Amino acid sequence: MASTLLLALVFVIDLIAFALAVAAEQRRSTATVGNDGKESYCVYDEDIATGLGVGSFLFLLLSQMLIMVASRCLCCGKAMRPSGSRAWAVVLFITCWVFFFIAEACLLAGSVRNAYHTKYKNLLNNPPSCATLRKGVFGAGAAFVFLTAIVSELYYVSYSKADEATISHGKDTGLRMGNL
């Protein structure tokens, strides 16, 4: 059966990754236009969301690596018996990796874009364009962190059920040496 300790550890790590992604969404950088008399420039607030996004990225990566090492990434190790659990394990394995890549892309792109602060100054009376991260990028990352957490734990449970049973060759193996 699936290791309860591993499932609990992965759950806690995924919960931390989710909380960091939600916090990054709440604390993303904003900009205001400053003016010193003859030129306008962008003034950015504190940049804590980038660190939160990178932290969420790393915690999700750790969680995924723990699950994949424990299950030997589905492709290494002994063969699993043909069953519904094996079929679900394969489907959940693929789904888990798709959700993982989407979550990691959102978190990484959000962190990079949030860290980017324009140095543009405008000498005319027009205010400069201050680039900031769109609302919802870290939120999408948090949603996919949540989906990755659910699917990866279901994958590990299905993998454990399929891996438990051994293939029995006790009856007829299909090879008959008597005809030779």
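Author: Let us begin with a definition: helices are DSSP runs of H or I with at least four residues, numbered from the N terminus. With that in mind, and remembering that this is a predicted model, we can say that helix H4 gives the most to a nonpolar surface patch, with four residues.

Reader: What makes the nonpolar patch, and which elements give two or more residues to it?

Author: The patch, of about 470 Å², is made by Phe 18, Val 22, Phe 146, Leu 147, Ile 150 and Leu 154. The elements that give two or more residues to this patch are helix H1, covering 4-26, and helix H4, covering 137-164.

Reader: Why is Phe 146 called partly exposed?

Author: Phe 146 lies in helix H4, and its relative accessibility is 47%.

Reader: How do you know whether Arg 134 is buried or exposed?

Author: Arg 134 is found in the loop between strand S3 (121-122) and H4, and its relative accessibility is 67%. The class called exposed begins over 50%, so Arg 134 counts as exposed. Along the sequence Arg 134 and Thr 30 are 104 residues apart, while in space their C-alpha atoms are 10.0 Å apart.

Reader: Why is the contact of Arg 28 and Glu 25 called a salt bridge, and how many does the whole structure have?

Author: The side chains of Arg 28 and Glu 25 meet at 3.4 Å, N to O, and the cut-off for a salt bridge is within 4 Å, so the contact is called a salt bridge. A search of the whole structure finds one salt bridge. Glu 25 has a relative accessible area of 11%, and since buried means under 20%, Glu 25 is therefore called buried.

Reader: What makes H1 and H2 roughly antiparallel?

Author: Two packed helices are described by the angle between their axes and the distance between the axes. H1 and helix H2 (residues 49-70) pack at an angle of about 160°, with their axes 8 Å apart. Angles over 145 degrees count as roughly antiparallel, so H1 is roughly antiparallel to H2. The crossing of H1 and H2 is left-handed.

Reader: How do you know how H2 is oriented relative to H3?

Author: H2 and helix H3 (residues 84-115) pack at an angle of about 160°, and their axes are 8 Å apart. Because that angle is over 145 degrees, H2 is roughly antiparallel to H3. The crossing of H2 and H3 is left-handed.

Reader: What pattern does the protein chain follow along the sequence, and what part of its 180 residues is buried?

Author: Read along the sequence, the pattern is α-β-β-α-α-β-α, and the chain contains four helices and three strands. Buried residues make up 38% of the 180 residues in the protein chain.

Terms used: Residues numbered from 1 in each chain as written. Predicted model: local features only at pLDDT ≥ 70, side-chain atom pairs only at ≥ 80, totals over all residues. Heavy atoms only, no water. Patch = residues over 30% accessible without salt bridge, like charges linked within 9 Å, V, L, I, M, F, W, Y side chains within 5 Å. Areas by Shrake-Rupley, 256 points an atom, 1.4 Å probe, with all protein chains shown as cover. Buried < 20%, exposed > 50% of the residue type's maximum accessible area, 1.4 Å probe, protein only. Axes fitted to C-alpha atoms, helices over the stretch in contact; angles between N-to-C directions. Parallel < 35°, antiparallel > 145°, perpendicular 65-115°, else oblique. Left-handed = near helix turned anticlockwise from the far one by under 90°.
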